[in-house]
Amino acid sequence: MALLQRQTFDIPITEIEGLDDMFFKLIEMKKEKALKRFSAQYEETRQRIFDSVTVRGICESFAVDTISGENIRLVDGTTIRSEMLSHLFSGAEEIVFAAITVLSYDELAESESDNLKQLFYDGWGSAIADCGHTWLRNKIKNQLSDTGASVSFPWSPGQHEVDIKLQRELFALLRPEDIGITLSPSLMMHPQKSVSSFIGIGRDVEESLRACDFCRLRETCPAAYA
């Protein structure tokens, strides 16, 4: 039996930590200056986002058969071809497939014509998706705390040296459609504020490595190590 059975979550936005800090990082404004100049727009967009969106998550783990070269072969026969993931998950006993989405964000953002408010909505939507993804990883860690398993940071298709084509394998096994996420022929997710990932779990999994550790833009990226 897998360590992590298939689960879906309705994630209370009030339980997602770090939203304000992430928001200001993503819009690349200093918090104090932004609140001094744009406090009305900040308060309005924050309130509308909190009142309008629904955050949902899904995850399930799949047992690893072998990891060799660039191939992670799961017990069910699925092969994840990624040199990066094979390296990162070399000690994994199972791979968690996970996804999170911010429902109703698209409609809210599309209804806004003011450029500054559009920027703020984009910042809020991305902050909720990113911080919500961290909420999901922490939820997984808490559920596995009695098993002795370590939990890696999430790695997303399209992220540093993880091929976006792996979305196909992730969607085939996880079926994020159950929480409202669909995948286009060009491998883009809808709703647009959605995040999918692979997470390694096992007693010998490295918990500290993050995509930012391998990215040459980490010194200038506003969301680095957020």
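Me: Is phenylalanine 97 buried or exposed in this predicted model?
Reply: A residue counts as buried when its relative accessible area is under 20%. In this predicted model, phenylalanine 97 has a relative accessible area of 0%, so the residue falls under that cut-off and is classed as buried.

Me: Which kind of aromatic pair do phenylalanine 62 and phenylalanine 97 form?
Reply: Phenylalanine 62, at 12% relative accessibility, also counts as buried. The ring centres of phenylalanine 62 and phenylalanine 97 are 4.9 Å apart, with the planes at 65 degrees. Planes over 60 degrees apart meet the criterion for this class, so the pair is edge-to-face.

Me: How many residues apart in sequence are the parts that this pair of phenylalanine 62 and phenylalanine 97 ties together?
Reply: Phenylalanine 62 belongs to strand S2, residues 54-68, whereas phenylalanine 97 belongs to strand S5, residues 94-103. The pair therefore ties together parts whose separation in sequence is 35 residues.

Me: How many aromatic pairs does the model contain, and what is the class of the one between phenylalanine 23 and tryptophan 124?
Reply: The count of aromatic pairs comes to 11. For phenylalanine 23 and tryptophan 124, the centre to centre distance is 4.0 Å and the angle between the planes is 10 degrees.

Me: Which ring has the charged end of arginine 46 over it?
Reply: The charged end of arginine 46 is 4.3 Å from the centre of the ring over which it sits.

How values were computed:
Residues numbered from 1 in each chain as written. Predicted model: local features only at pLDDT ≥ 70, side-chain atom pairs only at ≥ 80, totals over all residues. Heavy atoms only, no water. Phe/Tyr/Trp six-rings, centres within 6.5 Å; stacked < 30°, edge-to-face > 60°. Helix = DSSP H or I, 4+ residues; strand = E, 2+ residues; numbered from the N terminus. Buried < 20%, exposed > 50% of the residue type's maximum accessible area, 1.4 Å probe, protein only. Lys NZ or Arg CZ within 6 Å of the ring centre and 35° of its normal.
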